[in-house]
Structures are given as C-alpha cells and as structure tokens.
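Colleague: Could you walk me through the ligand site in this one? I'd like to ask as we look.

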Amino acid sequence: MINIVLFGPPGSGKGTQSEKLIEKYGLIHLSTGDILRSEIANGTVLGKKAKAFIDAGELVPDDDVKAMVLNKFDDHIDPKGFIFDGFPRTCDQARFLRHELTDRDLRINIMITLNVSNDELVKRLLKRAEIDGRADDKKDIIEKRIEIYQNQAETIAGFYQKMQKYVPIDGVGTIDEIFQRVCDAVDATA
Ligand code: B4P
C-alpha cells in the first residue's frame with residue numbers, strides 16, 4: 001500500500017500529476033479541491049459555504065475540510081492506497097491526517113512538494129483560466145492563493161521532514177519529465 005501526499009503551490013501541477021499517478025499505481029484520488037468544486041456544483045450547504053472562500057482565494061475552514069475528508073476516506077479503504085492531492089494544506093489538517101491514518105494502522109509513505117516559481121504559476125493559471133474559466137484563476141486571486149500557500153508551506157514541509165517523508169521535486173519541465181521525477185521518488189520508498 002502506498003499513501004502519497006502531493007503538496008505544492010496553486011498551479012504547480014498537483015492535479016495533473018495525480019491523474020498520471022492514479023493510472024500507474026491504481027491509487028484512490030482524494031483531491032479536496034475537486035471534492036469542494038463538486039459540492040459547489042451540486043449546491044450543497046458545504047458547497048455554498050466553500051464557494052465564498054474559494055472565489056476569494058482563501059482556504060476553506062479546517063473543520064469543514066476535515067469532515068469532508070473523513071467521509072471520502074471511509075468510503076474507500078483501498079489496499080493500494082491514496083493520493084492526497086492538495087490536502088493537508090494547514091498544520092491542523094496534517095495532524096488530523098496523521099491521526100486518522102494511525103487509527104487505521106496506515107501511514108504516509110511520501111510527501112512530495114512540487115516546486116515552481118511564482119511567475120510560472122501565474123502564467124499556468126492564467127492559461128487555465130482561458131480554458132476552464134475558474135473563478136479563482138484571476139491574477140489578484142492567484143497572487144493571494146500563492147501568498148497563503150507560502151505562509152503555510154514551511155510549517156507543513158517541516159512536519160513531514162520530521163517524519164522523514166518530505167521530498168521536494170522540481171515542478172518545471174514537461175508533464176512527462178516531472179512525472180518521471182515523481183515516480184522515481186515514489187519507487188524509492190517501496
Ligand atoms: P486545488 O483544486 O487543490 O487546485 P490548485 O492548487 O489550483 O491546482 P493544482 O496544483 O492541482 O494545479 P493543476 O494540476 O490543475 O485548490 C483550489 C482551491 O480549493 C484552493 O485555493 C482552496 O480555496 C480550496 N481548497 C482545496 N483544498 C483545500 C484544503 N485542504 N483546505 C482548505 N481549502 C482547500 O495545474 C494547473 C495548470 O497548470 C493546469 O492548467 C495544467 O494543465 C498546467 N500544468 C500542469 N503541469 C504543467 C507543466 N509541467 N507545464 C506547464 N503547465 C502545466
């Protein structure tokens with residue numbers, strides 16, 4: 001069983017690399033961003049609450065995200081493992097994940113951080129905005145999301161460094177080049 005945390009700033013390619021990892025390793029994809037967007041599309045109570053935070057480039061409150069993860073988690077205790085994409089994003093979420101995994105006799109094998117320069121992130125997300133029209137992919141909101149990420153990044157990296165699970169990866173290059181780097185890191189944990 002492999003459990004992977006995929007971390008990185010907005011637009012670093014977490015979702016993109018997750019799709020390829022799922023295909024290769026047969027893992028369950030747990031993307032808090034995707035779940036939140038689906039809650040919004042379905043007009044649920046959580047979706048209505050989350051929309052205001054996401055559109056403003058802010059993080060959705062920890063308690064809402066944790067409850068949502070717990071639901072998804074218990075639906076799929078898959079022997080092959082999980083990709084936690086965009087989760088945890090705060091220290092509270094990181095502690096919660098460790099606690100819930102330990103309770104189930106599971107653990108994180110590796111935490112991968114995709115490193116990409118701010119200029120490249122803005123460029124990618126503005127390009128995505130042209131295709132997807134996501135409300136949070138506007139220049140000022142993107143900059144705010146990057147700033148929020150940077151405020152949390154060191155603490156989260158430190159959390160996984162202490163557990164000897166932290167692996168930073170250069171997130172610039174072709175999607176396949178980055179995927180090869182990610183796979184090398186994952187395979188090295190096996
Ligand atoms: P997320 O859905 O996690 O998305 P993201 O950070 O915007 O993007 P990601 O890194 O997945 O980039 P992608 O592969 O799409 O978060 C959205 C919002 O939800 C957050 O701001 C927050 O409000 C909320 N949220 C989510 N999780 C939360 C949590 N745990 N707690 C609280 N709030 C939470 O790539 C971006 C673009 O780049 C794509 O267009 C892609 O095609 C392109 N791209 C990818 N790799 C590339 C490459 N190598 N070269 C060029 N372009 C590339």
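Colleague: Which element gives the largest share of the shell around the ligand?

Modeller: First, a caveat: this is a predicted model, where local features need pLDDT of at least 70, side-chain atom pairs count only at pLDDT 80 or more, and totals for chains, interfaces and linings use all residues. Residues are numbered from 1 along each chain as its sequence is written, and side-chain values use heavy atoms, with hydrogens and water left out. Helices (H or I, at least four residues) and strands (E, at least two) are DSSP runs, numbered from the N terminus. The largest share of the shell, four residues, comes from α2.

Colleague: How far is an oxygen atom of the ligand from an N or O atom in the side chain of R37?

Modeller: A polar contact here is a pair of N or O atoms within 3.5 Å. K14 has a side-chain N or O atom 2.9 Å from a ligand oxygen. For R37, the distance to a ligand oxygen is 2.8 Å.

Colleague: Where does the ligand sit?

Modeller: A pocket is an open set of points on a 1 Å grid over the protein atoms alone, where a 1.4 Å probe fits, with protein on both sides within 12 Å along at least five of seven lines. A molecule sits in one if more than half of its atoms lie within 2 Å of its grid points. By that test, the ligand is in the largest pocket.

Colleague: What volume does the largest pocket have?

Modeller: The volume is the space filled by probe spheres set on the grid points. For the largest pocket, that comes to about 1300 Å³.

Colleague: And which element supplies the largest share of the lining of the largest pocket?

Modeller: Lining residues have an atom within 4 Å of a point. Eight of them, the largest share, come from α6.

Note on methods. Polar contact = N/O pair within 3.5 Å; in protein donor to acceptor, adjacent residues only side chain to side chain.
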